[in-house]
Amino acid sequence: MHIHKFEQFWIKLSFVLIAFFIATVVYGFVAMDLKVVGDHATVDPQNLSETPFGNPGVREVTRNGETEYEVYVQTIQFAFNPGTAQPIEVPVDTRVTFYITSPDVLHGFDVAGTNLNTMSIPGQVAKFTTIFPEVREYGIVCNEYCGPAHHVMEGKIKVVPKSEFDKSNLVE
Ligand code: CUA
């Protein structure tokens, strides 16, 4: 069977591309240690009250002798709790770990102007750790369509100087 040389070229190229894409996935898992969400990060969206998400907000924790913060956020049609009614306040230059989940539908949690961006999936807990390097405010937007008021679902993170961080807003 005769295959035209251009057709041969494109067939070969498609195999090269497939090999390249598989290689990028393997590289991500092996060299960059990327992970898919596992069983350890699941939660019953009907029973968030029995988890730390039942009392969402900022918690102070001590890890390796350092003071750090954990922020539990529920994404709800059409607000971040906390984040929308009151900003999420955290101190500058401090490790902050976010835990995010949804009791209703798929939402996004995108800290505008940063690379902090995750989906919030009912039944799963998204987690990321960051250190905010400067005192400023960040907007949070929902970037997954979640219903008729999706476009107004937004919140705020307020990064404050350590000396001005008000611990009376922490949750237990
Ligand atoms: Cu929540 Cu879109």
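Helices (H or I, at least four residues) and strands (E, at least two) are DSSP runs here, numbered from the N terminus. With that rule, the chain has one helix and 10 strands, and reading along the sequence gives α-β-β-β-β-β-β-β-β-β-β. This is a predicted model, so a few ground rules apply: local features need pLDDT of at least 70, side-chain atom pairs count only at pLDDT 80 or more, and totals for chains, interfaces and linings use all residues. Residues are numbered from 1 along each chain as its sequence is written, and side-chain values use heavy atoms, with hydrogens and water left out.

**Overall shape**

- The chain's radius of gyration is 21 Å, whereas a compact globule of 172 residues would come in near 16 Å; the radius is taken over C-alpha atoms, and the globule rule is 2.2 Å times the number of residues to the power 0.38.
- Along the principal axes, the C-alpha atoms fill a box of roughly 80 × 40 × 30 Å.
- Of the 172 residues in the chain, 36% are buried (buried is under 20% relative accessible area, exposed is over 50%, partly exposed is in between, with a 1.4 Å probe and protein chains only).

**Strand S5 and its partners**

- Strand S5 (residues 95–101) has six of its seven residues buried, so it is largely enclosed by the rest of the structure.
- S5 runs parallel to strand S2 (residues 66–76), and six bridges join them; two strands count as paired if DSSP finds at least two bridges between them.
- Valine 73 has isoleucine 100 in S5 as its bridge partner.
- With strand S8 (residues 126–131), S5 pairs in the antiparallel sense, again over six bridges.
- There, phenylalanine 98 has phenylalanine 128 in S8 as its bridge partner.

**The five-stranded sheet**

- An open sheet is built from five strands in the order S4-S10-S9-S6-S7, with mixed pairing.
- Strands S4 (88–91) and S7 (117–120) stand at the edges with a single partner strand each, so one side of each is left without a neighbour in the sheet.
- From one strand to the next, the twist averages 20° (axes are lines fitted to C-alpha atoms, for helices over the stretch in contact, and angles run from 0 to 180 degrees between N-to-C directions).
- S6 and S7 run antiparallel and are joined by four bridges, with serine 120 in S7 as the bridge partner of histidine 107.

**Aromatic contacts**

- A search of the whole structure turns up 11 aromatic pairs; rings of Phe, Tyr and Trp (its six-membered ring) pair if their centres lie within 6.5 Å, and planes under 30 degrees apart count as stacked, over 60 as edge-to-face and the rest as tilted.
- Tyrosine 72 and tyrosine 99 have ring centres 4.7 Å apart and planes at 10°, so this pair is stacked.
- That pair links distant parts of the chain, with tyrosine 72 in strand S2 and tyrosine 99 in strand S5, 27 residues apart; tyrosine 72 and tyrosine 99 are both buried.
- Phenylalanine 80 and phenylalanine 109 have ring centres 5.5 Å apart and planes at 90°, so they are edge-to-face.
- This pair also links distant parts of the chain: phenylalanine 80 is in strand S3 (residues 79–81) and phenylalanine 109 in strand S6 (residues 107–111), 29 residues apart.
- Phenylalanine 80 counts as buried at 2% relative accessibility, and phenylalanine 109 does so at 0%.
- One aromatic cluster takes in Phe80, Phe98, Phe109, Phe128, Phe132 and Tyr138.

**Charges over rings**

- Arginine 136 lies over the face of tyrosine 138, 4.0 Å from the ring centre (the test is NZ of Lys or CZ of Arg within 6 Å of the ring centre and within 35 degrees of the ring normal).
- Lysine 5 lies over the face of phenylalanine 6, at 5.8 Å from the ring centre.

- Glutamine 77 and phenylalanine 78 are joined by a cis peptide bond with omega about 5°, and phenylalanine 78 lies in the loop between S2 and S3.
- Another cis peptide bond joins asparagine 81 and proline 82, with omega about -5°; proline 82 is in the loop between S3 and S4.
- Asparagine 64 has a positive phi of about 55° although it is not a glycine; this residue sits in the loop between strand S1 (57–63) and S2 and is exposed, with a relative accessible area of 79%.
- Aspartate 93, in the loop between S4 and S5, has a positive phi near 55° and counts as partly exposed at 47% relative accessibility.

**Cysteines**

- The disulfide count is zero, a disulfide being a pair of cysteine sulfur atoms within 2.5 Å.
- Cysteine 142 counts as buried at 8% relative accessibility, and cysteine 146 at 5%.
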